[in-house]
Amino acid sequence: MSKRINLALQGGGAHGAFTWGVLDRLLSEEDVEVAAITGTSAGALNGAAFKSGMIAGGREGARDRLDWLWGEVGARDDGAMQGWMAPFSLTQVSRALEYSLPFLAADTLSRIVSPYAYGPFYNNPLRPIVEQFDFDEVCAETASGPELFICATRVRNGKVRVFKDSEISTEAILASACLPTLFRAVEVHDEETGKVEAFWDGGYTGNPALFPLFHKRLPRDIVVVNINPLERTEIPRTAQEIQNRINEISFNSSLLRELRAIEFVQRLLEQGHLGKTDKRNMLVHMIADDALMNELSVATKLIATPYTLARLKEAGQRAADRFLEHHKSDLNERSSVDLVEMFQ
């Protein structure tokens, strides 16, 4: 019997290649069916590639489309970089990139210069990639591909905006991935407000938003692919480490709020204070590698090279392997994440 699940895909820059590996591995499980995807930033890109590929060519189509996406993200002739990187681990490469002069210069510039200061020279490097998506596939309402929800943050009032179906466009995906220190706010006509609204990265308000997955037409299981570590045992000390941890806490806070709400409803259902017709008992699972993400620096989020993307994909495949080995039997049966323990 097929196990139907929903996927919740976090954003985290080039670390989204970890999610690429997770999705690649899940696609090889013929009895695991993805009914819906909610994604933010890199998670939105992964979700769009997954859905359009599924509609165009089934599971192999989805794998091919994901391979194409991350090939585009890391598209550069970095033969020299590959040469020096090859003998080192991903962690060592990440640290080397963090202290490299080009990264330090770019990081400093992003803190003191607004993206609006570049005038006609401003360019969003993601635009030519996103514009290549077939939005007839991305926006399709069909049983051959999952439902897709894209999360962004409305700048004017700080509220989450979830784009779905025909609302999803190049601008909506770019809005979901718009870090305000790097990119200008993306303006989209918002059907909810009837205005042209400016949007920033969805991670501030939903990384990703889970509530679109609560509908009764969708399965109860939510598999969160987490690429921002929930815990760091070491205190961040450098300026880059401090800023990175601030962003991680900020980007995880919305997810944790929704998980806490799920745990609260679960408790009320168990105690008999709610009838099962009132609220659904959602089943929560998580695929992550916090140990690896704790070792990586912010540099590998912002500098996408074929070497680092390939290593992150492999890490995602291994994490999905571990999840399937230990928790595949839990799907559609029970949560594999202990939310009570998480919030103690």
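## Contact of H5 with H9

Phe103, Leu104, Asp107 and Arg111 in H5 meet Ala239, Gln240 and Gln243 in H9, where contact means heavy atoms within 4.5 Å. By class, three of these residues are nonpolar, two polar and two charged; Ala, Val, Leu, Ile, Met, Phe, Trp, Tyr, Cys and Pro count as nonpolar, Asp, Glu, Lys and Arg as charged, and the others, Gly among them, as polar. Helices are DSSP runs (H or I, at least four residues), numbered from the N terminus.

The model is predicted: local features need pLDDT of at least 70, side-chain atom pairs count only at pLDDT 80 or more, and totals for chains, interfaces and linings use all residues. Residues are numbered from 1 along each chain as its sequence is written, and side-chain values use heavy atoms, with hydrogens and water left out.

The axes of H5 and H9 lie 12 Å apart at an angle of about 55°; axes are lines fitted to C-alpha atoms, for helices over the stretch in contact, and angles run from 0 to 180 degrees between N-to-C directions. The two helices are therefore oblique to each other (under 35 degrees counts as roughly parallel, over 145 as roughly antiparallel, 65 to 115 as roughly perpendicular and the rest as oblique). The crossing of H5 and H9 is left-handed, the near helix being turned anticlockwise from the far one by less than a right angle; clockwise would be right-handed.

## Packing of H1

H1 (residues 17-27) and H2 have axes that come within 9 Å and cross at roughly 155°, which makes H1 roughly antiparallel to H2. This crossing is left-handed. The contact of H1 with H2 has 10 nonpolar, two polar and four charged residues.

With H12 (residues 306-327), H1 packs at about 45°, the axes being 6 Å apart. H1 and H12 are therefore oblique to each other, and H1 passes H12 in a right-handed crossing. The residues of this contact divide into 11 nonpolar, three polar and four charged.

## The largest pocket

The largest pocket has a volume of about 1500 Å³. A pocket is an open set of points on a 1 Å grid over the protein atoms alone, where a 1.4 Å probe fits, with protein on both sides within 12 Å along at least five of seven lines; lining residues have an atom within 4 Å of a point. Grid points are joined across faces, edges and corners, and the volume is the space filled by probe spheres set on them.

Its lining comprises 47 residues, with Leu179, Leu182, Phe183, Lys301 and Leu302 nearest the centre. H2 (42-73), H5 (101-112), H9 (239-270) and H11 (299-302) each supply at least two lining residues, and H5 gives the largest share, seven. The lining has 29 nonpolar, 12 polar and six charged residues.
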